[in-house]
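Student: Could we go through this structure together, beginning with the chain as a whole and then turning to single residues?

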Amino acid sequence: MAKVSEVAGIKLGALVIEGKTKQVYDIPSMPENVMLVNKDRITAGDGVKAHDLTGKAAISNQTNAKVFEILNSIGVKTAFVKLANETSFISRKCDMVPIEWVTRRLATGSFLRRNAGVPEGYRFYPPKFETFYKDDANHDPQWSEEQIVSAKFKVNNLVIGQTEYDIMRKTSILVFEILEKAWATRNCALIDMKVEFGVDSKGEILLADIIDSDSWRLWPSGDKRLMVDKQVYRNLANVTQSDLDTVKRNFEWVSEQLKHLTPKMDHTVVILMGSPSDEEHCKTIKKHCMALGLNVELRITSAHKGTEETLKIVSFYESLPQKVVFIAVAGRSNGLGPVLSGNTSYPVINCPPVKADNVNLDIWSSLNVPSGLGCGTVMYPEAAALNAAQIVGLSNYIVWSKLRVKQLTNYASLKNADKQIQAAQ
């Protein structure tokens, strides 16, 4: 492929690297970024099998963009910035970790060859995780955790040690599980996938490179015979133009399906306060809910002073064609949560605005409810939001993913803090 000097009006600098299916260029006007230009090329077997495939560059570019836009929207740290044109995209400039990180849900392909006796379709739970050193000449040999940590790769001045390995491992598995849930909404089983990581100039580890139909195995309806990924091409002994047309149609189908992976935000978290004086407490709950991607509404009603109106509000939300979670905010004698729970089948979470001088009584009135009621109680606004998100996340993978990313962020922060304190001793 000839060198490119400009993309979408952006002048390109030096060719940083050229791979089998892409070129990477510096961008002088954006020194922290690079331009990735896809090729109309498909390869397999470390490049031993290779064919031109008109249109693949555009399909790959669109597929990759849609995947990374999903991941960016839920807070995964990635290098992807934005599409530049039909066949190119802008990415954060990274030095790449020379490892492929592979996550598998079902045993198939090379795993079966390396693990004699395991039947095809064996289900891994948790997902099986493997790593491979990027070395085409030696067919990307499998490496252990110990080999990677012992290699002490220095990537953009960051030494890849145990902490970095652990973070990339957890991120790889999480990305797989997020996309697995996303594809399940289209009745497609994500069987396995590979990802790569880079390190930017700030020393931050980012999910990088490209995620497209070269990166995964995807079986509609969970049926291997319906596979729509690059394995179709790998399996071809003799490649005809008709075969290439089939591969291209499969890739186009995948790209088209990705347009429909964003779930409907058909839910509402209703925060009901027993008094206007509880508004600040409720706004804090709302802030935490919105950070998790939840739709939120605030209402004021008193179960003691306006029981009929309270039940009318409940009936209104029950009439809506969406999932509803109620959060009841009432102190002193909390009748709001129990009244809600006794008159709706939707989840009810108590989060009383406790005060230091009356904390025991405020909490006790929310805990000591009559038999037959199922409302739970939490003390803190963030906990109420997390509880609501867990409920909504049962049927909304975006909300579920935001919860998991939050857990990953906490994990990575603790790992890095522990590394720093050990280094300081």
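Student: How many helices and strands does the secondary structure of the chain come to?
Tutor: This is a predicted model, and its values are computed from the atoms of that model. Along the principal axes, the C-alpha trace spans about 75 × 55 × 55 Å. Within the chain, the secondary structure comes to 12 helices and 23 strands.

Student: What percentage of the residues in the chain is buried?
Tutor: A residue counts as buried when its relative accessible area is under 20%. The accessible surface of the chain comes to about 20500 Å², and carbon and sulfur atoms hold 51% of that surface. Of the 425 residues in the chain, the buried share is 48%.

Student: Which helix gives the most to the lining of the largest cavity?
Tutor: The search of the whole structure finds one cavity of 30 Å³ or more, and the volume of the largest cavity is about 50 Å³. Its lining consists of Lys56, Ile59, Ser60, Thr63, Asp212, Ser213, Asp214 and Phe251. The element that gives the most, with four residues from its range of 56-73, is helix α1.

Student: Why does Leu272 count as buried?
Tutor: Leu272 belongs to strand β19, which covers residues 267-273. With neighbours within four places in sequence left aside, its contacts include Arg299, Thr301, Ile313, Phe326 and Leu340, and its C-alpha atom is separated by 6.0 Å from that of Val329, 57 residues away along the chain. Leu272 counts as buried because its relative accessibility is 0%.

Student: Is Arg332 buried or exposed?
Tutor: Arg332 is placed in the loop between β21 (323-329) and α9 (336-343), and its C-alpha atom is separated by 9.0 Å from that of Pro353, 21 residues apart along the chain. The class in question needs a relative accessible area over 50%. Arg332 has a relative accessibility of 70%, and therefore counts as exposed.

Student: What is the distance in space between Glu196 and Trp101, C-alpha to C-alpha?
Tutor: Glu196 lies in strand β16 (residues 188-199) and is buried, with a relative accessible area of 12%. Beyond its neighbours within four places in sequence, Glu196 is in contact with several residues, among them Met96, Trp101, Lys134, Leu207 and Asp209. Although Glu196 and Trp101 are 95 residues apart in sequence, their distance in space is 6.2 Å.

Student: Where does Ser221, another residue with a positive phi, lie?
Tutor: Phi of Ser221 is near 60°, again a positive value in a residue other than glycine. Its place in the chain is the loop between β18 and α5 (231-234).

Student: Is the peptide bond from Tyr125 to Pro126 cis or trans?
Tutor: Most peptide bonds are trans, which gives the background for reading this one. Pro126 lies in strand β12, residues 123-133. For the bond from Tyr125 to Pro126, omega is near 0°, and the bond is cis.

How values were computed: Residues are numbered from 1 along each chain as its sequence is written. This is a predicted model: local features need pLDDT of at least 70, side-chain atom pairs count only at pLDDT 80 or more; totals for chains, interfaces and linings use all residues. Side-chain values use heavy atoms; hydrogens and water are left out. Helices (H or I, at least four residues) and strands (E, at least two) are DSSP runs, numbered from the N terminus. Buried means under 20% relative accessible area, exposed over 50%, partly exposed in between (1.4 Å probe, protein chains only). Accessible areas come from the Shrake-Rupley method with a 1.4 Å probe; for residues, only the protein chains shown count as cover. On a 1 Å grid over the protein atoms alone, a cavity is a set of points where a 1.4 Å probe fits but cannot get out, and a pocket is an open set with protein on both sides within 12 Å along at least five of seven lines; lining residues have an atom within 4 Å of a point. Grid points are joined across faces, edges and corners, and a volume is the space filled by probe spheres set on the points. Contact means heavy atoms within 4.5 Å.
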